[in-house]
2 protein chains.
Amino acid sequence: MLKLDPIDVRQSASAADLVFEALRKAIVEGDLAEGEHLRQDHIARLFNTSRIPVREALKRLEQDGLVTNERYRGTVVAALSSAEVEEIFEFRALIESEIVRLAVPRLTPEHLAEAQRHLQAFASERDPSLWGEINRNFHYSLYAAADRPYHLQVIRSSLDRVDRYLRAQLTLTDGIGRARAEHQAIYDVCAGGNADEAARLTRAHILDASRSLLAFLDQRRR
Amino acid sequence: MLKLDPIDVRQSASAADLVFEALRKAIVEGDLAEGEHLRQDHIARLFNTSRIPVREALKRLEQDGLVTNERYRGTVVAALSSAEVEEIFEFRALIESEIVRLAVPRLTPEHLAEAQRHLQAFASERDPSLWGEINRNFHYSLYAAADRPYHLQVIRSSLDRVDRYLRAQLTLTDGIGRARAEHQAIYDVCAGGNADEAARLTRAHILDASRSLLAFLDQRRR
DNA sequence: TTAACGCGGATTGGATCCAATATACAATTC
DNA sequence: GAATTGTATATTGGATCCAATCCGCGTTAA
């Protein structure tokens with residue numbers, strides 16, 4: 001009998017899924033400015049599809065808080081107030097420090113090796129547009145050891161909302177320098193197996209970025 | 001000149017919004033069993049509408065994790081494994097204890113009065129089908145004082161996922177009795193202004209329900 | 001007997017068409 | 001000239017239609 005690798009041939013990505021992922025990525029990475037109108041017809045043409053899958057994608061983005069919709073007026077990229085940004089960073093500090101605490105006792109050499117790769121990439125990468133992605137990967141490589149899929153999902157969702165601001169903050173004077181130093185410190189205590197200290201440093205790292213970012217936002221918005 | 005109260009006449013609820021809310025409520029309250037198929041055409045007829053708004057509602061529910069969708073195979077009410085239920089309760093224990101810690105110093109007499117009303121309703125209500133709603137309201141009346149909209153939104157979302165299981169747990173032997181006692185204890189320390197103790201009791205309350213529920217689920221699923 | 005095959009209805013995904021509403025701008029009135 | 005009104009166009013929300021896929025069931029062949 002013929003034997004083949006049982007690859008799932010079912011293409012699970014519908015047009016709506018593709019549009020959703022593309023728009024999500026564009027918003028998270030800051031390629032779509034906050035307040036920008038997302039016209040159904042325009043997006044549909046970009047993807048060579050009709051407005052139906054576009055509308056489904058926009059509904060999903062709305063549910064994630066990445067866009068807002070007003071009936072008959074359309075969908076715009078969500079804009080966050082300083083207070084909202086601050087609250088989300090506070091939330092991240094709470095949950096990400098806890099996930100690190102859970103992760104540290106479970107860290108394997110493989111986890112640490114991957115984290116170190118991202119650490120080095122972060123140190124050597126010159127292109128600021130890549131820092132955000134590397135930053136995410138570094139933290140996620142540690143969080144993965146916690147083996148808490150729901151927590152990770154919530155972390156992803158909360159970071160998605162503020163990542164474009166965070167990426168702007170990284171490019172500020174000293175933003176990248178402090179991030180590098182703090183990452184190294186977090187990595188060191190993780191490798192040393194000190195869960196409480198890793199949690200404390202992660203919390204401080206997030207709140208530090210928050211303070212720097214809010215100072216920048218408040219200044220820019222005046 | 002004619003003067004009228006400037007009421008916003010714009011009806012913000014689209015058909016998709018109404019369908020979404022109705023389905024969400026039905027799933028959260030356990031009226032739709034896990035694994036049940038949600039046929040677009042059937043739902044559309046129920047609401048006297050076409051399948052288009054139904055599909056948008058289903059996409060939003062999927063984004064919230066309340067249903068799962070497989071291409072060309074349809075949408076079913078999500079079923080959670082015991083491990084997933086356990087993780088979500090662990091998550092709730094973390095974030096709800098923290099929100100209580102933030103809320104206590106900000107509690108006004110009005111907040112406490114509302115919490116006490118829910119406490120009494122919880123104590124006197126005979127109809128088990130209403131316990132879940134009252135339970136939510138009691139906790140939310142305390143959480144509201146924290147004034148953290150994003151945290152509250154995440155709390156709502158996580159509770160939505162497990163509320164149908166929690167409601168089943170409340171009707172178990174002693175489930176409602178322990179919940180009543182623990183609510184009273186939480187209320188007392190909140191009214192006394194002891195934030196740390198309120199957080200500790202909230203955490204214990206959630207983990208207590210989790211243990212009881214998991215024992216029940218593991219037994220039922222065998 | 002049973003497993004593979006194929007057909008037809010059921011269901012979902014997507015395209016196109018129509019209705020409802022908003023917005024920009026010209027026309028009009030004071 | 002400014003405010004208001006009417007109108008044309010753009011855009012969204014929803015309905016209907018078509019295509020792709022799944023699934024149950026009967027048929028057939030080994």
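How much space lies in the second largest cavity? In this predicted model, the second largest cavity holds about 30 Å³.

Chain A contains nine helices and three strands. Along its sequence these elements occur in the order α-β-α-α-β-β-α-α-α-α-α-α. Taken along the principal axes, the C-alpha atoms of chain A occupy a box of roughly 70 × 55 × 30 Å.

**A helix pair between the chains**

Helix 7 of chain A packs against helix 4 (residues 82-103) of chain B at an angle of about 55 degrees, and their axes are 8 Å apart. Angles under 35 degrees count as roughly parallel and those from 65 to 115 as roughly perpendicular; helix 7 of chain A and helix 4 of chain B are therefore oblique to each other. On the side of chain A, the contact is formed by Pro149(A), Tyr150(A), His151(A) and Val154(A) of helix 7. Helix 4 of chain B contributes Glu87(B), Ile88(B) and Phe91(B). By class, the residues of this contact comprise five nonpolar, one polar and one charged.

**Pockets and cavities**

The volumes and the classes of the lining residues are set out in the table.

| Space | Volume | Lining residues by class |
|---|---|---|
| Largest pocket | about 1,200 Å³ | 14 nonpolar, eleven polar, 18 charged |
| Second largest pocket | about 670 Å³ | eight nonpolar, seven polar, 13 charged |
| Largest cavity | about 200 Å³ | nine nonpolar, six polar, six charged |
| Second largest cavity | about 30 Å³ | four nonpolar, two polar, three charged |

The largest pocket has a volume of about 1,200 Å³. Its lining comprises 43 residues, and those closest to the centre of the pocket are Asp64(A), Gln63(B), Asp64(B), Ser157(B) and Arg161(B). Helix 7 (residues 149-170) of chain A makes the greatest contribution to this lining, with eight residues.

The second largest pocket is lined by 28 residues, and closest to its centre are Gln40(A), Lys59(A), Asn69(A), Arg71(A) and Tyr72(A). Several elements each provide at least two residues of the lining of the second largest pocket. From chain A these are strand 1 (37-38), helix 2 (40-46), helix 3 (51-63), strand 2 (67-70) and strand 3 (74-77). From chain B they are helix 1 (15-28) and helix 3 (51-63). Helix 3 of chain A gives the most to the lining of this pocket, with five residues.

The largest cavity has 21 lining residues, and nearest its centre lie Asn135(A), His139(A), Leu166(A), His205(A) and Ala209(A). Its lining receives at least two residues from each of helix 4 (82-103), helix 6 (131-143), helix 7, helix 8 (175-191) and helix 9 (195-220) of chain A.

The second largest cavity is lined by Arg92(B), Glu96(B), Asn135(B), Arg136(B), His139(B), Tyr140(B), Tyr143(B), Ile155(B) and Leu159(B). Helix 4, helix 6 (128-143) and helix 7 (149-170) of chain B are the elements that give two or more residues to this lining. Among them, helix 6 of chain B gives the most, with five residues.

Terms used: Residues are numbered from 1 along each chain as its sequence is written. Chains are lettered from A and ligands numbered from 1 in the order in which they are written. This is a predicted model: local features need pLDDT of at least 70, side-chain atom pairs count only at pLDDT 80 or more; totals for chains, interfaces and linings use all residues. Side-chain values use heavy atoms; hydrogens and water are left out. On a 1 Å grid over the protein atoms alone, a cavity is a set of points where a 1.4 Å probe fits but cannot get out, and a pocket is an open set with protein on both sides within 12 Å along at least five of seven lines; lining residues have an atom within 4 Å of a point. Grid points are joined across faces, edges and corners, and a volume is the space filled by probe spheres set on the points. Helices (H or I, at least four residues) and strands (E, at least two) are DSSP runs, numbered from the N terminus. Ala, Val, Leu, Ile, Met, Phe, Trp, Tyr, Cys and Pro count as nonpolar, Asp, Glu, Lys and Arg as charged, and the others, Gly among them, as polar. Axes are lines fitted to C-alpha atoms, for helices over the stretch in contact, and angles run from 0 to 180 degrees between N-to-C directions. Angles under 35 degrees count as roughly parallel, over 145 as roughly antiparallel, 65 to 115 as roughly perpendicular and the rest as oblique. Contact means heavy atoms within 4.5 Å.
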